[in-house]
Amino acid sequence: MSNVSPSLVIEDLLKDFGPVPALDGRMVRVLNGISLKANAGSVTTLLGSNGAGKSTTLACAQGLLRPDGGKVSLLGEDPYGASPALRSRVGVMLQDGGLPPSLRPIPLLRHVASLYRRPADINALIERLGIDEFANTSIRRLSGGQKQRVALAAALAGNPEVIFLDEPSAGLDPQSRQVVFDLITELRDAGLCIVLTTHLMEDAQRLSDYVYIIDDGLNVAEGTVAELTARATHEATAQAVTFTAAPALALPQMPAHLLLLEPTPGQYRLEGVRDAHDLASLTNWWAQESILPDSLLMQPRTLEDVFLEIADKGNDAN
Ligand SMILES: Nc1ncnc2c1ncn2[C@@H]1O[C@H](COP(=O)(O)OP(=O)(O)OP(=O)(O)O)[C@@H](O)[C@H]1O
């Protein structure tokens, strides 16, 4: 770990919305004490289900919303009501784009870049993100994925040190998604602090250096993808082994923590495998019955498994 201070520090963040008419005019607390840090040269991801509080956390981190408690420090300053000097060091890509609908993308991007003292090479960004392909279409008529690409270019136009990306891959086709992912990785390698939100586990797994899992306005787990998935292998639900063999085999008795199923004819699945002994329960049966599977797959833990376990625990506790 470097001794450089984190670009973003959030401590015990609280945020209330309301009054909400459906709740007899009461306020509703949507952030319940979120704490996190994000470093330069790193992709920090807030992962959580719909309504978990990710966008609200970003809005407080960017200074768009005033927190009701806790502290936010962005590049050493409180971002709420911050100086223009701080704002020029930060790029923001909002979930709904926030782009003026009647303008065409390229004049818009050139204008945004001209507002900054040290703008990015806007032509290079336009080419990189394929924006010239729809240069003559107004923002209003762009597809969701095209708008996303323009919004990303606008967020990068000022050459920011920190960039906030709210669901950057939403609505993108596989090719554009790859372009955006490569760009994010390059910006990270160039030293930017990138903070993004997603509820897509695969995106989080591919892009993140550090992940915070947010649930009900609180960070409930954190770590690198490797740390989060490794931790889960020691927990109750472990890896699954799937294999294909002749259909309708008589299934043997397995140790109580293992579950052997044939979900579809000839496709078998052993759940709850924690160690080599568990695997031996399976291979001993194959040896006794002279079964040689046609295919075999160990399924490593994914962020999705970790996320679902945490969500299950949350539901059990409620
Ligand atoms: N202005 C508002 N007034 C009342 N409630 C709000 C307001 N803005 C957000 N909320 C509520 O706050 C909660 C958190 O919303 P937020 O947008 O931060 O979630 P999210 O994790 O980003 O979700 P998603 O993945 O769906 O974008 C939700 O229950 C939402 O309905």
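What follows is a walk through this structure, from its overall layout to a few single residues.

The model is a predicted one. The protein has 318 residues, and 32% of them count as buried. Its C-alpha atoms fill a box of roughly 75 × 50 × 45 Å along the principal axes. The secondary structure comprises 10 helices and 13 strands.

The chain is divided into two parts. Domain 1 covers 8-231, and domain 2 covers 239-300. Taken over C-alpha atoms, the centres of domain 1 and domain 2 are separated by 44 Å.

Now turn to the ligand. The residues that surround the ligand are F17, V30, G48, N50, G51, A52, G53, K54, S55, T56 and H199. Which helix gives the largest share of this shell? Helix α1, residues 54-62, supplies 3 residues, the largest share. By class, the shell holds 7 polar, 3 nonpolar and 1 charged residues.

Next comes helix α3, which runs over residues 105-114. Its buried residues are P105, L108, L109, V112 and A113. These cover an arc of only 130 degrees around the axis, so they sit on the same side of α3. The face turned away from that buried side carries the exposed residues P107 and S114. The cover over the buried residues of α3 includes α4 (122-128) and α5 (144-156).

Helix α6 can be read in the same manner. This helix spans residues 174-189, 16 residues in total. At 1.5 Å a residue it should span 22 Å, and its end C-alpha atoms are 22 Å apart, so the two agree. Which residues of α6 are buried? They are V180, I184 and R188. Their arc around the axis is only 75 degrees, which means that they lie on the same side of α6. On the face turned away from the buried side are the exposed residues Q175, Q178, D182, E186 and D189. Several elements cover the buried residues of α6, including β3 (42-47), α5, β7 (193-198) and α7 (201-207). Just after α6, G191 takes a positive phi of about 105 degrees.

Two single residues complete the walk. The first stop is S35, in strand β2, residues 26-38. Is S35 buried or partly exposed? S35 counts as partly exposed because it has 15 C-beta neighbours inside 10 Å; a buried residue would need 20 or more. Leaving aside residues up to four places away in sequence, S35 touches I10, E11, D12 and N219. S35 and L47 are 12 residues apart in sequence, and their C-alpha atoms are 14 Å apart in space.

The other stop is A230, in helix α8, residues 225-233. A230 has 14 C-beta neighbours inside 10 Å, so A230 also counts as partly exposed. Along the chain, A230 and D215 are 15 residues apart.

Terms used. Residues are numbered from 1 along each chain as its sequence is written. This is a predicted model: local features need pLDDT of at least 70, side-chain atom pairs count only at pLDDT 80 or more; totals for chains, interfaces and linings use all residues. A residue is buried if 20 or more other C-beta atoms lie within 10 Å of its own, exposed if 12 or fewer, and partly exposed in between; C-beta atoms are placed from the backbone. Helices (H or I, at least four residues) and strands (E, at least two) are DSSP runs, numbered from the N terminus. The arc is that of the directions from the helix axis to the C-beta atoms. Two residues are in contact if their C-beta atoms, placed from the backbone, lie within 7 Å. A residue is near a molecule or strand if its C-beta atom, placed from the backbone, lies within 6 Å of it. Ala, Val, Leu, Ile, Met, Phe, Trp, Tyr, Cys and Pro count as nonpolar, Asp, Glu, Lys and Arg as charged, and the others, Gly among them, as polar. Domain bounds come from an automatic or database domain assignment. The expected span of a helix is 1.5 Å times one less than its number of residues.
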